[in-house]
Amino acid sequence: MNRHVIIADQSLVNYMGHSFEYAHSIGAYAQSISCKVTILANKLVSQKVINDINAIPCFRYGLDHSFDSPFFRALPNNIGRKLFTEWNYRSHAQTLYLDLCNAEKFIEINSESIVIFHTIRHNQILPIIKWAEHIPKSQCPWFVLVFHFTAYPNFSQPSETAQFYRRALNYLENSSVRDRFCLFTDSHELADEYHNYTNIRVNVLPIPHATPLEVLTNVKNVKDSSLPIRLTYVGDARTNKGFHLLPFVFNKLKSEFYNGSIEAEVQANIRTYSEWEIALSINRMRQYKGVKLYETNLSSNDYYGLIDRAGIILLPYTLDYYHSQTSGIFCEALAYGKPVIVPRGSWMAKQLKDNGSGITFIPEDRQSLYEAIIAAIRQYKELKTVALKRSLLWRQFHCPSKYTSIIMNSIV
């Protein structure tokens, strides 16, 4: 195909989260169809990631970076917060724009190149547009922006970021480079939300890393009908992922752990140390029989090994964000043919109706989560059969080839 695909990710530092998996899966597939691939990462990117995918250190700050200033703390709370939010937005935009301009010395771009920002937040949109406008028109590449995040994590509270999405996307609508941009999300619910912010068409992409690069022609049937059934939690140890609910649930299941009918593997690497409940939960679970904790960052192979060995995958998330946002772990679980436990009212629960297999629980309710796990254990054979049956169709959509073909077909 001879295109140059440039994958840009401010948060690509190590294997934590899904940054590495996005860059790895998209880049490897693009190379397989004869595209040149360049991956731009955070300046703090680990040497191992650089070696694995030839990532180039480029961006000074991650997606969630906050430009702190004591000046705004001295102002009345409502005024200081409003001014800080605006200042922080502008600071992030300015540094990203300069980083992108500086990146030009690492990359060769032309009108056939495709720059993919696979995870976009409100404070990235405007600097990317400004960068596109800065590039000579004859050399301006295609830009693919993929939105994973809702501006309304909590329906009952006003959004501070929705205004920035509207402002930036309105600027794009009137920009000379509008026709060089393609906008995507990875859920229909998010696409509906973003249609409130812009008149530009927003299409839906699959999650490319849901199917590992080694194409799964035969999903392993690990401990399909034998005991113990393995309960698995993967991903960061965070309160919005319900990690703090696990000690209560595992304590209630102690008889099942002791009689050998179940066991558990838990990825327990802490992202935010200010969440005191997380550290307390880890300390409690260290004492539980049958529960194995992984408290350091996992490599890609180790992470997928956890999913591959899982019997039932626990996703005890809150509805903050996940009422419409997708979950890469959920997609990977379905690709592997694993039953899941997910919160009612979430995007994940809606997907179970036709695409997966599992049990739902009342969000943030420990007792409901426990009851859902008991139900899943009792129905395990049936749930596993359905999960395996539906996994093939799921993998046909959530894979790098489908992701790339949708992007290519959107480019005129």
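Let me begin with a definition: rings of Phe, Tyr and Trp, the last through its six-membered ring, pair if their centres lie within 6.5 Å, and planes under 30 degrees apart count as stacked, over 60 as edge-to-face and the rest as tilted. What we have here is a predicted model, in which local features need pLDDT of at least 70 and side-chain atom pairs count only at pLDDT 80 or more, while totals for chains, interfaces and linings use all residues. Residues are numbered from 1 along each chain as its sequence is written, and side-chain values use heavy atoms, with hydrogens and water left out.

A search of the whole structure gives 16 aromatic pairs. One of them joins Tyr89 and Phe164, which are stacked at 4.2 Å centre to centre with 20° between the planes. Tyr89 belongs to helix H4 (residues 77-103) and Phe164 to helix H6 (residues 162-173), so this pair ties together parts that are 75 residues apart in sequence; helices here are DSSP runs of H or I with at least four residues, and strands are runs of E with at least two, numbered from the N terminus. Both Tyr89 and Phe164 are buried, where buried means under 20% relative accessible area, exposed over 50% and partly exposed in between, with a 1.4 Å probe and protein chains only. Elsewhere, ring pairs link Phe147, Tyr165, Tyr194 and Tyr197 into a cluster.

Turning to the cores, I use nonpolar core for a set of buried Ala, Val, Leu, Ile, Met, Phe, Trp, Tyr and Cys residues joined through side-chain atoms within 4.5 Å. The largest such core has 58 residues, and those with the most contacts inside it are Leu12, Leu315, Phe330, Val340 and Ile407. Helix H12 (residues 328-335) gives the most to this core, namely six residues. A second, separate core of 41 residues includes Ile125, Cys140, Ala151 and Tyr194. Leaving aside neighbours within four places in sequence, Ile407 is in contact (heavy atoms within 4.5 Å) with Ile114, Ile116, Val144, Phe184 and Leu205.

What about the cysteines? Searching the whole structure finds zero disulfides, a disulfide being a pair of cysteine sulfur atoms within 2.5 Å. Cys58 is in no disulfide, and the nearest cysteine sulfur, that of Cys101, is 10 Å away; Cys58 is also buried, at a relative accessible area of 2%.
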